[in-house]
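Welcome! Open your viewer, keep the selection tool at hand, and follow along stop by stop.

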Amino acid sequence: MTSFLTHRARVHDAQLPLHRRHSALRTCLTVFAPYGLRATYHHRTLSAAIPRRLEADPDALARAVEELHEARVLWLVRAEEYAVQRRSEKQAGRRAVPNPRPWWLRSWWESPERAWFEDPFRHPSL
């Protein structure tokens, strides 16, 4: 599997054609899409103001991937905190994961907000 950071660098590479940079952004979204691929892509399109014709604003791709990168960094920090917490709980003898599981560990079919994954126009209120 390819790395998020590798494709993030490709999005920033101005020597690549715009369609390749756009493809690298979409690959970043396959690696990290916090509320589903379509909804996350739609949100990034709106927040970074990505135009239909990429030639009109090529920097929009970089804005979108940077916003995604910032969210991923926050998510990774929280995931590491959770891992440390779980290790200490396991050492204390609490082996079962609390129910309901934290949102970042749930798969899409467990989520009460499954519409995020089915409707790209519905964004979370997080």
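On this tour, contact means heavy atoms within 4.5 Å. Two notes on the ground rules: this is a predicted model, in which local features need pLDDT of at least 70, side-chain atom pairs count only at pLDDT 80 or more, and totals for chains, interfaces and linings use all residues. Residues are numbered from 1 along each chain as its sequence is written, and side-chain values use heavy atoms, with hydrogens and water left out.

**Stop 1: Ile50.** Select Ile50 and show what surrounds it. Leaving aside neighbours within four places in sequence, Ile50 is in contact with Leu25, Arg44, Thr45, Ala60, Leu61 and Ala64.

**Stop 2: the core.** Now select Val11, Leu25, Ile50, Leu61 and Leu68 together. These have the most contacts inside the largest nonpolar core, which has 16 residues. A nonpolar core here is a set of buried Ala, Val, Leu, Ile, Met, Phe, Trp, Tyr and Cys residues joined through side-chain atoms within 4.5 Å. Buried means under 20% relative accessible area, exposed over 50%, and partly exposed in between (1.4 Å probe, protein chains only). Colour α1 (4-12), α2 (18-31) and α4 (59-91), the elements that give two or more residues to this core. Helices (H or I, at least four residues) and strands (E, at least two) are DSSP runs, numbered from the N terminus.

**Stop 3: Leu68.** Zoom in on Leu68, which is found in helix α4. Is Leu68 buried or exposed? At 0% relative accessibility, Leu68 counts as buried. Beyond residues up to four places away in sequence, Leu68 touches Phe4, Cys28, Leu29, Phe32, Pro34, Thr40 and Arg44.

**Stop 4: charged pairs.** Side chains of opposite charge can pair when their charged atoms come close. A salt bridge is a side-chain nitrogen of Lys or Arg within 4 Å of a carboxyl oxygen of Asp or Glu, and a search of the whole structure finds 6 of them.

Select Glu66 and Arg8, whose closest N and O atoms are 2.8 Å apart in a salt bridge. Glu66 lies in helix α4 and Arg8 in helix α1, so the pair ties together parts that are 58 residues apart in sequence.

Finish with Glu89 and Arg86, joined by a salt bridge (2.6 Å, N to O). Both Glu89 and Arg86 lie in helix α4, 3 residues apart, about one turn of the helix. Glu89 is buried at 14% relative accessible area, and Arg86 is buried at 7%.
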